[in-house]
Amino acid sequence: MSLESDIAILRNVRLFDGLQTDQLRLLAFGAEHRRVRAREFVFRENARADAGFVIVTGSVALTRGRGDDAKILSRHGPGALLGEICLITETTRPASAQTESDCDLIRVSRTLFRRMLEEYPEFAAVLHQRIRDELEAMLADIERLEDRFR
């Protein structure tokens with residue numbers, strides 16, 4: 001994959017919305033590509049999380065549990081970012097990510113993402129507002145659900 005194609009893919013990731021081409025170029029240049037075969041794990045549930053993965057090609061299922069007890073939570077394809085929250089804070093993986101087909105992924109480390117926030121404080125401010133808005137929406141959803149169970 002070329003740097004320009006990586007930039008085009010990253011441009012469509014919601015978390016990176018608002019980054020300028022030069023900023024996306026820095027992100028693409030600092031990230032690494034991973035090719036993963038079908039049915040391999042990208043990461044496992046409860047593992048330390050230090051990077052997010054953008055799906056370039058293929059399909060990945062997020063699962064919880066192991067073996068026959070594993071439950072598919074969601075499926076994701078090109079343009080999806082897996083592990084978004086770990087780019088911002090130290091955490092563990094709440095689910096496993098297993099490829100359903102051969103995949104090409106872009107790995108974005110927390111270190112690289114933090115560098116982006118430090119070098120581009122205007123992006124950090126936009127990201128802060130976006131997270132705040134999403135948390136407020138989630139709390140409103142919880143409050144609506146709470147009313148149903150009273």
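Analyst: The discussion below turns to aromatic rings, a helix, a sheet and a single residue. This is a predicted model, in which local features need pLDDT of at least 70, side-chain atom pairs count only at pLDDT 80 or more, and totals for chains, interfaces and linings use all residues. Residues are numbered from 1 along each chain as its sequence is written, and side-chain values use heavy atoms, with hydrogens and water left out.

User: How many aromatic pairs does the structure hold?

Analyst: A pair of aromatic rings is described by the distance of the centres and the angle of the planes. Rings of Phe, Tyr and Trp (its six-membered ring) pair if their centres lie within 6.5 Å; planes under 30 degrees apart count as stacked, over 60 as edge-to-face and the rest as tilted. The structure holds three such pairs. One of them joins F16 and F113, a tilted pair with 6.2 Å centre to centre and 45° between the planes. This pair links distant parts of the chain, 97 residues apart: F16 is in the loop between α1 (3-11) and α2 (21-30), and F113 is in helix α3 (residues 110-119). Helices here are DSSP runs of H or I with at least four residues, strands are runs of E with at least two, and both are numbered from the N terminus.

User: Are F16 and F113 buried or exposed?

Analyst: Buried means under 20% relative accessible area, exposed over 50%, and partly exposed in between (1.4 Å probe, protein chains only). Both F16 and F113 are buried. F113 also forms an edge-to-face pair with F123, at 6.0 Å centre to centre and 80° between the planes. Since F113 lies in helix α3 and F123 in helix α4 (residues 121-148), this pair ties together parts that are ten residues apart in sequence. F123 counts as buried because its relative accessibility is 4%. F16, F113 and F123 form one aromatic cluster.

User: Which residue lies over the face of F41?

Analyst: A charge sits over a ring if NZ of Lys or CZ of Arg is within 6 Å of the ring centre and within 35 degrees of the ring normal. R44 lies over the face of F41, at 3.7 Å from the ring centre. Over the face of F43 lies R93, at 3.9 Å from the ring centre.

User: What do the buried residues of α4 pack against?

Analyst: Contact means heavy atoms within 4.5 Å. In α4, F123, L127 and R130 are buried, and the buried residues of this helix pack against α3.

User: In what order do the four strands of the open sheet lie?

Analyst: Two strands pair if DSSP finds at least two bridges between them. The order is β1-β10-β4-β7, with antiparallel pairing. β1 (32-36) and β7 (81-82) stand at the edges with a single partner strand each, so one side of each is left without a neighbour in the sheet. Strand β4 (residues 51-57) and strand β10 (residues 103-109) pair over six bridges; the bridge partner of G52 in β10 is V108.

User: Finally, which residues does I72 touch, not counting those up to four places away in sequence?

Analyst: I72, in strand β6 (residues 71-76), touches A61, L62 and T63 on that count. I72 and A61 are eleven residues apart in sequence and 6.5 Å apart in space, C-alpha to C-alpha. I72 is partly exposed because its relative accessible area is 40%.
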